[in-house]
Amino acid sequence: MAKMTISLPDNLADYIARRVASGRYDSAGAFLAELIVKDQDHRKLDDDELREILRQAEESGISDRRIPDILLETKVKLHDINL
């Protein structure tokens with residue numbers, strides 16, 4: 001097993017200490033390992049979703065929509081989901 005030393009702002013170190021103190025994690029390392037695994041899973045889903053979107057886009061053919069209309073629609077969608 002590899003060993004790493006990291007520096008964190010006090011508020012993040014305190015947060016990790018509280019999570020460990022809650023009893024759910026045996027150590028700060030166990031907490032961070034779980035976060036990393038979750039990040040890996042999330043990243044994989046993002047990559048798979050992107051591949052599927054690109055596949056569908058290629059299969060849909062050439063669009064007759066104008067770029068300004070597509071951009072406006074995208075901005076509205078992002079606003080609707082608070083991004």
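User: What span should the 12 residues of helix H1 have, and what makes the value agree with the model?

Analyst: In this predicted model, helix H1 runs over residues 10-21, and at 1.5 Å a residue its 12 residues should span 16 Å. The expected span is 1.5 Å times one less than the number of residues. The end C-alpha atoms of H1 are 16 Å apart, so the two values agree.

User: What should the span of H2 be, and how far apart are its end C-alpha atoms?

Analyst: At 1.5 Å a residue, the 33 residues of H2 should span 48 Å. The end C-alpha atoms of H2 are 48 Å apart, which agrees.

User: What does H3 give when its 14 residues are treated in this way?

Analyst: For H3 the span should be 20 Å, and its end C-alpha atoms are 20 Å apart, so here too there is agreement.

User: Which residues with a positive phi follow H1, H2 and H3?

Analyst: Gly23 follows H1 with a positive phi near 95°. Gly61 follows H2, and its phi is positive, near 85°. Just after H3, Asn82 takes a positive phi of about 60°.

User: How many aromatic pairs are there?

Analyst: The count comes to 2 aromatic pairs. In one of them, the ring centres of Tyr15 and Phe31 lie 6.1 Å apart, and the planes stand at 65°.

User: Why is the pair of Tyr15 and Phe31 called edge-to-face?

Analyst: Rings pair if their centres lie within 6.5 Å, and planes over 60 degrees apart count as edge-to-face. The centres of Tyr15 and Phe31 are 6.1 Å apart and their planes are at 65°, so the pair is edge-to-face. Tyr15 lies in helix H1 and Phe31 in helix H2 (residues 28-60), so the pair ties together parts that are 16 residues apart in sequence.

User: Why is the pair of Tyr25 and Phe31 given its class?

Analyst: The ring centres of Tyr25 and Phe31 are 5.0 Å apart and the planes are at 80°, so this pair is edge-to-face. Tyr15, Tyr25 and Phe31 form one aromatic cluster.

User: How do you know whether Tyr15 and Phe31 are buried or exposed?

Analyst: Buried means under 20% relative accessible area, exposed means over 50%, and partly exposed lies in between. Tyr15 has a relative accessible area of 38%, so Tyr15 is partly exposed. Phe31 has 6%, so Phe31 is buried. Tyr25 and Phe31 are both buried.

User: What makes Glu73 partly exposed?

Analyst: Glu73 has a relative accessible area of 34%, so Glu73 is partly exposed. Its place is in helix H3 (residues 67-80).

User: What is known of the largest pocket, and which residues line it?

Analyst: About 340 Å³ of space lies in the largest pocket. Its lining includes Met1, Met4, Ile6, Gly29, Leu32 and Ile36. By class, the lining has 8 nonpolar, 2 polar and no charged residues.

User: What is the mean pLDDT of the chain, and which elements have the lowest and the highest?

Analyst: The mean pLDDT of the chain is 91, and 99% of its residues reach 70 or more. Among the elements of the chain, H2 has the lowest mean (90) and H1 the highest (96).

Methods. Residues are numbered from 1 along each chain as its sequence is written. This is a predicted model: local features need pLDDT of at least 70, side-chain atom pairs count only at pLDDT 80 or more; totals for chains, interfaces and linings use all residues. Side-chain values use heavy atoms; hydrogens and water are left out. On a 1 Å grid over the protein atoms alone, a cavity is a set of points where a 1.4 Å probe fits but cannot get out, and a pocket is an open set with protein on both sides within 12 Å along at least five of seven lines; lining residues have an atom within 4 Å of a point. Grid points are joined across faces, edges and corners, and a volume is the space filled by probe spheres set on the points. Ala, Val, Leu, Ile, Met, Phe, Trp, Tyr, Cys and Pro count as nonpolar, Asp, Glu, Lys and Arg as charged, and the others, Gly among them, as polar. Helices (H or I, at least four residues) and strands (E, at least two) are DSSP runs, numbered from the N terminus. Rings of Phe, Tyr and Trp (its six-membered ring) pair if their centres lie within 6.5 Å; planes under 30 degrees apart count as stacked, over 60 as edge-to-face and the rest as tilted. Buried means under 20% relative accessible area, exposed over 50%, partly exposed in between (1.4 Å probe, protein chains only). pLDDT is the predictor's confidence in each residue, from 0 to 100.
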